[in-house]
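Please examine the sequence and the 3D structure shown here.

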Protein chains: 2
Amino acid sequence: MAEVTTGQPVAYLPNKLGKQSLQFKSEPRILATYTVVGPMEGEGPLGGLFHTVLPDTLNGQTCWEKAEQKMLEDALQGAAGHLRIPVSDIDVCLCSDLLNQNTTSNFSMQKTGIPHLGIFSACAGFAEGLLLGSVLVDGGYAARVAVGVASHHDAAERQYRFPTELGTQRPPTAQWTVTAAAVAILGRSSEGGAEPAVTFATAGRVLDLGQKEPYDMGSAMAPAAADTIKRHFSDTGRNPADYDVILTGDLARVGSELLYQLLEQENLDIRRQHQDAGILMYDPQRQDVHSGGSGPACSAAVFSARFLPALRQGTIRRLLLVATGALHSVTTYQQGETIPAIAHAVAIESRTG
Amino acid sequence: MAEVTTGQPVAYLPNKLGKQSLQFKSEPRILATYTVVGPMEGEGPLGGLFHTVLPDTLNGQTCWEKAEQKMLEDALQGAAGHLRIPVSDIDVCLCSDLLNQNTTSNFSMQKTGIPHLGIFSACAGFAEGLLLGSVLVDGGYAARVAVGVASHHDAAERQYRFPTELGTQRPPTAQWTVTAAAVAILGRSSEGGAEPAVTFATAGRVLDLGQKEPYDMGSAMAPAAADTIKRHFSDTGRNPADYDVILTGDLARVGSELLYQLLEQENLDIRRQHQDAGILMYDPQRQDVHSGGSGPACSAAVFSARFLPALRQGTIRRLLLVATGALHSVTTYQQGETIPAIAHAVAIESRTG
């Protein structure tokens, strides 16, 4: 086929900043969220902050996979309930999970009757959803977008690693997939003026520094987090002090230390602002989760339950959510491949007072 | 948590039509595409239209999964080459495939150095990508977006069904996953004025009419295609006669007949305009593919190779691409679940002459 167009310099784009970041000038709001967590997450330090804590991991279903679907369905209903709207008043859902072919998302969405655009970036799914959802609202393509993610420890463990019945011993670098679902409904500032606003987003690139060990995903994901954080600052002209909190998704203890080291090489110090959802989810003294929590619902649930209320109240003014995803599969692991990773970042700011 | 906002009627949205459709007023253009196909696809009726036909299914790699990755990488390089730009001049990639955890997309994208937003709706991935990519370009969030999809018969078959070495007999309703990759680069009308434009899109909803047989995906997907097509016409005020071609992704022979029946119940007759990529890809007299082709790269490759040139030349003025996806996994099949499906539609129009 003959070439029909030639490359031209990219002209000014009104809503793009630098190489990888977007600005949402209409400031889409997070109108409502809802979190459903498993019993172990309910027993953790944040247990009292989640909307629903399940009494067991089966959630009234016959298998863990269906339990995960039901959590996501309930989170969507719960978020819509907070807004006092039927789910049918949501324009579109963007959902993601860890199970093969995103089945949690797709099976849950079939009961809604509203459009679904499936997304996938492993445990970075919530930030990818907030980014794309904010684009849809900011650009006038949707009035309300539901962003939903789910993960289930037992369903993930038997898919990714070993049959759970084996009780295989896990090394100290291992993380614990969070059993949870979280949904956030994004909408326009005309509807949610005082609610926290999504102001900027930085889309991540896939990075692979050669880590091969699925029991140490924090180390695989830290370089992607560092890359996206660095890019966010250079694209937006901001620096760590512009944020009260920089919340990574699930680097956990091992990955967080590596993130500090990588950013120090770039003369960036985020230790004062940094918190990690994978560390906050569980109490290491009481709960045997090794390096910390993981899963797409980890950052989503911790953000929604622990930090969104503070943004609503104005006790936190600016938060940068940096969700990280390890992009391997069982097949790639068995074929000896390394683990690529990605991180997407979203800036969320208080609009109270 | 207390309710803090109450539902309000959705106000006028400038770029939304009806319940599920979007209008792209700036008319993003398809600046370039590139298709790479396997040997069997090269021997089919469209063989001479693809950019690259591989001599074998390993594509110089050590396994089919890596062969699929290499196809997607080459398609991206090829599309950028047609535009005479380096891949780094693309703002963001939206990629999708069938392998667990979208590993084809993610492993391919790590070599690009540009942001990646992973998407998943099984074989409907190309249309979902064109929809979201057009939003990004139309809304001023990106100047160039690459939409990429890939599938590989052998990699898909051993993941979804049986070890390929078994040579398991397939029923007549079965479809053949296409070995191919296709990338389309979307851009602004200022760059590609005479190129075909994406004017409307209709996001599909997940539907499940209770079909359980993974060897008959056409029947599982036809209701979703009918639902989205019907919704597209009611949202946009268009009717079948407004299109020269209505191209479904991969309903193949069995699913296409069912689509006609379902639409007839809605007083819609698309027989005159309808073509199916899964039927067009292979010659049933010479190639033993039963009902026809499938896979996310099926609709993408057939659209890019067979129909996009006609839109460029103006011999087709308007095409509605309706890509369909079956949203099951091996786990859901083994757990006795039915097969939900989705279809996303994108209207593409000639801007020549």
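The points below describe a predicted model.

In this model, local features need pLDDT of at least 70, side-chain atom pairs count only at pLDDT 80 or more, and totals for chains, interfaces and linings use all residues. Residues are numbered from 1 along each chain as its sequence is written, chains are lettered from A in the order in which they are written, and side-chain values use heavy atoms, with hydrogens and water left out.

**Extent of the interface**
- Contact (heavy atoms within 4.5 Å) links 88 residues of chain B with 88 residues of chain A.
- Chains B and A bury about 7500 Å² between them, 56% of it on carbon and sulfur atoms; this buried area is the accessible area (1.4 Å probe) lost when the two parts are put together, summed over both.

**Bonds across the interface**
- The rule finds four salt bridges between chain B and chain A, each a side-chain nitrogen of Lys or Arg within 4 Å of a carboxyl oxygen of Asp or Glu.
- Lys16(A) and Asp91(B) form a salt bridge through their side chains, at 2.4 Å from N to O.

**Helix α5 of chain A**
- Helices here are DSSP runs (H or I, at least four residues), numbered from the N terminus.
- Helix α5(A), residues 153–160, is largely enclosed by the rest of the structure because seven of its eight residues are buried, that is, under 20% relative accessible area (1.4 Å probe, protein chains only).
- Among these buried residues are His153(A), Asp154(A) and Tyr160(A).
- The buried residues of α5(A) pack against elements of chain A including α2 (64–83) and α10 (330–334).

Definitions and conventions. Buried < 20%, exposed > 50% of the residue type's maximum accessible area, 1.4 Å probe, protein only. Helix = DSSP H or I, 4+ residues; strand = E, 2+ residues; numbered from the N terminus.
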